[in-house]
Amino acid sequence: MASVGPFRFSWGDFPARRFHPLSKLIALLALSLASTQAQAPWLPALAVAAGLALAAAGAFRPGLARGLRVLARDARFLIPLGLFIVAFRVVDPWGPRLLEASELLPALLYVARLAMVFAFAEAYFRSTSAGELSAATTGLARRLFRRDDLDPGLYLSLAVNFIPRCFDAWERAREAALARGYGSRHGRRPRFRASLALLESFIAGSIRSALSTAEALETRGYAPQRTLQALPFSLADLALAAVSAAAGLAALAS
Amino acid sequence: MAEIARARGLVHRFPDGGLGLDGVDLHVDDGDFLVLAGRNGSGKTLLSRHLVGLSAASRGEVLCRGRPVSADPQAARRTIGYVFQESDAQIVGQTLLEDAAFGPANLGLPWAEVRSRAAEALSLVGLGGLEERRPDSLSGGERRRLAIAGVLAMRPDCVLLDEPFANLDLPAIRSVLAVITAAHADGRAVVVVTHELEKVLAHATRLAVMDSGRVVYDGAPGGLARELYEKLGLRDPFRSGASLEELTWLR
């Protein structure tokens, strides 16, 4: 099974693991909001907060250098995105000047904000399992609607488990096609037809995977009233949620 | 011994008219270690699916503890724990503990009980101490043992395993076999669906062989005439001259 999807949960007894998924979610949203609104002078403070959050989530447990390498690898999608943002704002073929140098700093600020959001999200996903978030979501829904047969969290769990299976199905379909000469034919039409066959195989594989997941749920006696993982909401959770929400609101107000 | 499950005159006709099962009669009792063998396409997996209510009969019926499975498939699935051949399909949790806890959580037990059952099941299959690991970090054999743990955590009366040794290397086969024999020693009935008789026959109390959707042999593990193995698409496990007890892969 490929290890893909946003939940790069890592096991271990890290400080961030002791918080409730919902208090961490509030913190993630508030700090991401603050990051997107922050001006340059606030960025070092936010960077420190992001570093602390990542450390609390165990990102540097294998060692600072190795942890940073892993983070850099996971964040590599930011490079093309950042280059695109900078190019989009700085290069202006229809303006009076081809290069608007004054736009460079605001563009870099924008990229830095994105990096902050990534760091906070990474800390969240490293310290929260999909099962915990699923249990918290279902628990909240049951309390809000006063019904014990609601289970929206299960869809989240299934989605997180299903994404890697889809990637697997795609890889299997692609490798099977490559082994049978896919990509070796020239010309748009044959290539298009081969791509359609590949897509068809991928969709069929995904449907099969979805059906077997449904059967697995049935054989394991799935009931919407299932018992939820006990996740106590402590004073520390309340404090984290309150402080983060205040920071987010302050960022919005400024 | 009380009867856990019984297929009575079970017929399964596919939408294209082909017969998957052609009047199957088979029972599983408490304490049984039944090996259900047969060539590919003989109907073993289809029969297994009927035993847990995943397929609907065209004729005949399947009873679980004396009640039709079609009337209450959930009850049948609590009594008979089904381990899929594709263990990946059965994994729904993001950590080993979450996955093993999924079944008992569906029984509505308190979380402390759910957790303790899941931890105990993981320990039984040799995955104790790895509760917070991710299933995708496990080897194929470990994932199969995790799938078995997910079923054992529900404490069923019978564990039904579909091709539990498929695609596994020797150490993984041994570890899965050890888990299966331990589950049987623990008082559970076990049904192993396989065509690799030599790997498991030494531990069986009964052998049933299917061919073309029918049960053509149901009796003692060593009772099938040796000239019939090849005809039924199976490899004769006794061809080396070994006795039934000597066949075990656990040594």
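## Helices α1 and α5 of chain A

In this predicted model, helix α1 (residues 21-37) of chain A packs with helix α5 (residues 104-127) of chain A at an angle of about 170°, and their axes are 8 Å apart. Angles over 145 degrees count as roughly antiparallel, and α1(A) and α5(A) are therefore roughly antiparallel to each other. From α1(A), the residues A:K24, A:L28, A:L31, A:S32, A:S35 and A:T36 take part in the contact, and they meet A:R113, A:M116, A:V117, A:F120, A:A121, A:Y124 and A:S127 of α5(A). By class, the residues of this contact between α1(A) and α5(A) comprise seven nonpolar, four polar and two charged.

Helix α1(A) itself consists of 17 residues and reaches 24 Å from its first C-alpha to its last, which is close to the 24 Å expected at 1.5 Å a residue. Its buried residues are A:P21, A:S23, A:K24, A:A27, A:L28, A:A30, A:L31, A:S32, A:A34 and A:S35. The packing partners of these buried residues are α2 (43-56), α5, α6 (130-145) and α9 (235-253) of chain A.

## The open sheet of chain B

In chain B, six strands form an open sheet with mixed pairing, and their order is β6-β7-β8-β3-β9-β10. The edges are taken by β6 (80-83) and β10 (214-219) of chain B, each of which pairs on one side only. From one strand to the next, the twist averages 15°. Helix α1 (residues 44-51) of chain B packs on this sheet, where it touches β3, β6, β7 (158-162), β8 and β9 (206-211) of chain B, and the direction of the helix makes about 150° with that of β7(B).

## Strand β8 of chain B and its partners

Strand β8 (residues 189-193) of chain B pairs in the parallel sense with strand β3 (residues 33-38) of chain B over four bridges. Strand β7(B) also runs parallel to β8(B), and five bridges join these two strands. Particular residues show how β8(B) is placed: B:V192 of β8(B) is the bridge partner of B:V35, and B:V192 is likewise the bridge partner of B:L161. On the pairing with β3(B), B:L36 stands opposite B:V193 in β8(B).

Strand β8(B) is mostly covered, with five of its five residues buried. The side chains are divided between two directions, as B:A189, B:V191 and B:V193 point one way from the strand while B:V190 and B:V192 point the other way, and all of them are buried.

## The contact between chains A and B

Between the two chains, 32 residues of chain B are in contact with 28 residues of chain A. On the side of chain B that touches chain A, at least two residues are supplied by each of α2 (73-79), α3 (87-90), α4 (96-106) and α5 (111-124) of chain B. Of these helices, α4(B) provides the largest share of that side, namely five residues. Sorted by class, the side of chain B that touches chain A holds 14 nonpolar, nine polar and nine charged residues.

Apart from its neighbours within four places in sequence, A:Q229 is in contact with A:G131, A:E132, A:A135 and B:W111. A residue is buried if 20 or more other C-beta atoms lie within 10 Å of its own, and A:Q229, with 22 C-beta neighbours inside 10 Å, therefore counts as buried. A:Q229 and A:S129 are 100 residues apart in sequence, yet their C-alpha atoms are 12 Å apart in space.

## Positive phi angles in loops of chain B

Most residues other than glycine have a negative phi. B:R65, although not a glycine, has a positive phi of about 50°, and this residue lies in the loop between β4 (59-64) and β5 (67-68) of chain B. Because 16 C-beta neighbours fall inside 10 Å, B:R65 counts as partly exposed.

B:N167, also a residue other than glycine, has a positive phi near 60°. The loop that holds B:N167 lies between β7 and α7 (170-185) of chain B. With 12 other C-beta atoms within 10 Å, B:N167 is exposed, whereas B:R65 is partly exposed.

Note on methods: Residues are numbered from 1 along each chain as its sequence is written. Chains are lettered from A and ligands numbered from 1 in the order in which they are written. This is a predicted model: local features need pLDDT of at least 70, side-chain atom pairs count only at pLDDT 80 or more; totals for chains, interfaces and linings use all residues. Axes are lines fitted to C-alpha atoms, for helices over the stretch in contact, and angles run from 0 to 180 degrees between N-to-C directions. Angles under 35 degrees count as roughly parallel, over 145 as roughly antiparallel, 65 to 115 as roughly perpendicular and the rest as oblique. Two residues are in contact if their C-beta atoms, placed from the backbone, lie within 7 Å. Ala, Val, Leu, Ile, Met, Phe, Trp, Tyr, Cys and Pro count as nonpolar, Asp, Glu, Lys and Arg as charged, and the others, Gly among them, as polar. The expected span of a helix is 1.5 Å times one less than its number of residues. Two strands pair if DSSP finds at least two bridges between them.
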